[in-house]
Amino acid sequence: MKRQRGHKARLYLTPSQLTAAEDQGHAARAMWNCLHSWWTMLPKDKRTLGAADEAIRQGRKDLDFLGALPARAAQQVLKTYFRAWVNCWEGRAQAPTFKARFRSRMAIDIPQGRGLQIVRLNRRWGRMWAPTIGHVLFRWTKDLPAGKRADKLNKVTGARLVREADGWHVVFRVQTEVPDPSPHSGPTVGIGRGIAKPLALSDGTFREHSDWLTPGETKRLRRREKEPEWKTWPSPPWSSPPRGPWKPPAGTSARRPDSTAPSPGKRGAVRSPCLSTRWPTEAASW
């Protein structure tokens, strides 16, 4: 059967490519806002995809800043906008609204994957083609069905350029062929997730981390298990012992409290010398 998934990779753009990508991102946001104004202004009987497509074509001719967005990316803005309304009509989401300049995320869609020209340069770097931007480099962190590995069933069907807080990323839409799942012939059991054991079954058995962890995840899990408790869970500020000699408050003759008696701490907690001053364990209840 066919499986569709997404793969996100970091893009590394030159200053000129960065300027072109930002121009396209702002043009896509402006296209969405113009389309939303046009859609809400017209009567319901005139809101059709054909009329919206004609309005987009005319807008790209009349407005220069909309012309920075490629034609296919502009058509994809219309498809995404119409899908947002379908989700609203079916009760899965709210109605689409205007996209603000500083509260919306820049996104440029590349609907067709055959023009991406994905090439793996070495172990960690790959190259792709973006319309009006040119060849851009990205981090190769997972094998993609590109080049000789691509066929009719295993291929990259499209991509989307997204600007995050740390820079631009590309999200590939990957389609692969996987074997059909075979029916389970054994008994039916319930599965529960745990901490000491990853999976606990209702028949009294347990399952450890095995096939679903990558070598890097296995190494990181082993390193986390070796860390001491005080390093994993930082101590709260109110559980630390007082620093320096004790002094009575100014203007009072209060005696120093007995060190063996429990003393109230902040937030109503009780601090006693018999309990650990680090993060409370099972023996020290809240």
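User: Is Asn154 buried or exposed?

Analyst: In this predicted model, Asn154 counts as buried, because its relative accessibility is 18% and the cut-off for buried is under 20%.

User: Where does Asn154 sit in the fold?

Analyst: Asn154 is placed in the loop between β5 and β6.

User: Which residues is Asn154 in contact with, leaving aside its neighbours within four places in sequence?

Analyst: Those contacts are Pro145, Arg149, Gln175, Thr176 and Glu177.

User: OK, on to β7. How many of its residues are buried?

Analyst: Eight of the eleven residues of β7 are buried, so the strand is largely enclosed by the rest of the structure.

User: What does β7 pair with, and over how many bridges?

Analyst: β7 pairs with β1 in the antiparallel sense over nine bridges, and the pairing of β6 with β7 is likewise antiparallel, over nine bridges.

User: How many residues does the hairpin from β6 to β7 go through?

Analyst: That hairpin joins β6 to β7 through two residues.

User: Zooming out, in what order do the strands of the sheet come?

Analyst: Seven strands form an open sheet, and the order across it is β2-β6-β7-β1-β5-β4-β3, with antiparallel pairing. The edges are taken by β2 (107-110) and β3 (119-120), and because each of these has a single partner strand, one side of each is left without a neighbour in the sheet.

User: What about β1 and β5, how many bridges join them?

Analyst: Two bridges join β1, residues 2-12, to β5, residues 134-139, and the two strands run antiparallel. Within this pair, Leu11 stands opposite Phe138 in β5.

User: Which strands does helix α1 touch?

Analyst: Helix α1, residues 15-41, packs on the sheet and touches β1, β2, β5, β6 (155-164) and β7 (167-177). The direction of α1 makes about 95° with that of β2.

Note on methods:
Residues are numbered from 1 along each chain as its sequence is written. This is a predicted model: local features need pLDDT of at least 70, side-chain atom pairs count only at pLDDT 80 or more; totals for chains, interfaces and linings use all residues. Side-chain values use heavy atoms; hydrogens and water are left out. Two strands pair if DSSP finds at least two bridges between them. Helices (H or I, at least four residues) and strands (E, at least two) are DSSP runs, numbered from the N terminus. Contact means heavy atoms within 4.5 Å. Axes are lines fitted to C-alpha atoms, for helices over the stretch in contact, and angles run from 0 to 180 degrees between N-to-C directions. Buried means under 20% relative accessible area, exposed over 50%, partly exposed in between (1.4 Å probe, protein chains only).
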